[in-house]
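Subject: Handover of a structure and its ligand surroundings

Dear colleague,

Please find below the structure that I am handing over to you. My notes on the surroundings of two of its ligands follow.

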Amino acid sequence: MGKTGLYKGLSLALLFLASGAQAVETTSPPAGNKIYHDTCASCHEKGLLGAPRFGNAADWEARLKQGRDVLLNHAVSGFKAMPAAGGNASLTSPDVAAAVDYMLNPLSPANTGDKAIDAESNLLDKQKAFFRHAKRGRAFVYPMDKDGYFSPPPMEELPDDKYGDEVRLGYRIFTQTQEYAARYAGRGLVCSNCHLNAGRKPHAIPLWGAAGMYPGYRFSSDKNDTLEDRMADCFRNSMNGIAPAPDSPEMRALLAYANFISKGIPIGVHMPGRSFPDIDYTGYEASPARGKDIYQTKCQTCHGNNGQGKSSADGGYEIPPLWGFNSYNKGASLYKQRMLARFIRANMPLNQGFSLSEQEAWDVASFVNIHERPKSPAKGIWQELFASDH
Ligand code: HEC
Ligand code: HEC
Ligand code: HEC
């Protein structure tokens with residue numbers, strides 16, 4: 001099955017599950033999320049007039065206690081500033097019910113979404129209190145920033161000795177890969193183009209999110225990969241370069257850097273802010289045509305009218321290319337549409353993470369990845385030519 005077909009199948013299946021019994025008679029079920037986006041989102045996305053915001057557990061907490069029937073009734077007949085059926089007279093009660101269920105879905109305990117984040121932040125509060133009361137040396141809780149994410153130590157804490165030198169080299173390799181790991185880097189990218197703020201930023205694949213999680217089993221390699229193995233994969237695919245040997249000076253320096261900025265991270269704990277948050281199938285096809293519009297209004301000023309990025313005076317890139325032969329190759333994680341959509345939603349446009357909707361992230365990701373880029377080094381020419389799903 002091709003990729004699009006697979007997504008379509010999955011998203012229909014999800015919709016079908018989410019919208020329950022009334023969906024059965026028609027082949028296209030009353031898509032709760034479409035109704036939501038067409039009629040309800042105008043108020044519920046941003047909280048207009050005090051409307052409880054989509055997916056915001058705190059806004060819904062007290063309301064949920066009324067039970068689904070009361071909520072449905074209020075949505076159908078109107079309630080205070082909430083107009084009957086959201087003010088859209090063409091909606092039937094089952095339509096409104098589908099929209100309400102769609103709105104309630106991310107709040108149910110079965111869905112990791114906000115509940116998990118809530119649980120996490122409660123835990124963080126506890127840990128923070130614990131940290132304040134802990135006496136030096138008696139208890140250690142990892143250092144946190146103001147939002148409760150892990151806060152890595154600054155480079156200034158490094159000693160002026162050989163250890164410090166190796167970590168500083170690792171930092172340079174990570175942020176200026178083309179100069180400091182020239183024999184392994186590909187043509188254009190540096191590690192920190194994707195691992196933002198030199199691998200420190202939560203939700204931008206921070207190195208400290210990875211450091212305690214390897215060796216760990218990876219589905220793609222079907223074995224326990226070490227942190228060196230994982231980095232080697234990024235060299236090969238994300239960088240379209242060559243993997244350094246585990247004991248090469250470059251790899252050792254990268255490891256030293258990853259380890260240094262992870263000081264205080266527990267081993268084997270999936271830290272909040274690791275990787276980037278997942279996104280749902282929205283129920284719409286990802287559309288490269290809509291993606292193109294988004295690209296032109298929100299990405300093109302930086303990444304160029306042909307995804308080529310902007311070169312810098314020293315021959316590298318001020319802004320990295322999104323496609324073409326200097327970008328990541330078809331074996332890279334970002335070549336998977338969902339991965340790219342997740343990365344973009346959390347991080348792009350630069351410094352405006354989480355400003356695109358999930359649908360916009362899907363669309364623009366599908367647009368970026370229809371363009372040509374280097375082939376996957378793991379695939380032979382025949383697979384490259386004939387594989388329908390990459
Ligand atoms: C014009 C803005 C607006 C639109 C459009 C709108 N809502 Fe609301 N909605 C509100 C406001 C405001 C409230 C909070 C009312 C209150 O409790 O004061 C609300 C509350 C609700 C509640 C909670 C009711 C309760 O008892 O706590 C549900 C459920 C709801 N809306 C569903 C929907 C659905 C479904 C749609 C689309 C079909 C929709 N809304 C469209 C403004 C809107
Ligand atoms: C084009 C973007 C891109 C570039 C460039 C890139 N990476 Fe990655 N990297 C990713 C993505 C995407 C993932 C996978 C995230 C996931 O699986 O959730 C990843 C994963 C990783 C991980 C594991 C993260 C984890 O939490 O398990 C490490 C370590 C890593 N990269 C190191 C590097 C190093 C070192 C370089 C430079 C040599 C590099 N990356 C270059 C995109 C990139
Ligand atoms: C203000 C300029 C700016 C805008 C606007 C912007 N980006 Fe970026 N983008 C960057 C920079 C700079 C980096 C590299 C970050 C770094 O090295 O610190 C980057 C990195 C990326 C990467 C990972 C590296 C690569 O080359 O693949 C992707 C993917 C990406 N941007 C996609 C987008 C998309 C899609 C949009 C529009 C929704 C967008 N960007 C909007 C500046 C921008």
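**Ligand 2**

Domain 2 (142–260) and domain 3 (288–386) each contribute at least three residues to the shell around ligand 2; the domain bounds come from an automatic or database domain assignment. The model is predicted, so local features need pLDDT of at least 70 and side-chain atom pairs count only at pLDDT 80 or more, while totals for chains, interfaces and linings use all residues. Residues are numbered from 1 along each chain as its sequence is written, and chains are lettered from A and ligands numbered from 1 in the order in which they are written.

There are 27 residues around ligand 2, and Cys191, Cys194, Cys234, Ser238 and Ser275 come nearest (a residue is near a molecule if its C-beta atom, placed from the backbone, lies within 6 Å of it). Two or more residues are given by each of helix H10 (207–211), helix H11 (227–238) and H14 (helices are DSSP runs of H or I, at least four residues, numbered from the N terminus). H11 gives the most, with 6 residues. By class, this shell has 18 nonpolar, 7 polar and 2 charged residues (Ala, Val, Leu, Ile, Met, Phe, Trp, Tyr, Cys and Pro count as nonpolar, Asp, Glu, Lys and Arg as charged, and the others, Gly among them, as polar).

**Ligand 3**

Ligand 3 is surrounded by 23 residues, the closest being Cys299, Cys302, Pro320, Met348 and Pro349. Helices H13 (288–303), H14 (337–347) and H15 (358–369) each give two or more residues to its shell, and H13 supplies the largest share, 5 residues. The shell around ligand 3 divides into 17 nonpolar, 5 polar and 1 charged. Ligand 3 lies between domain 2 and domain 3, because both give residues to its shell.

With kind regards
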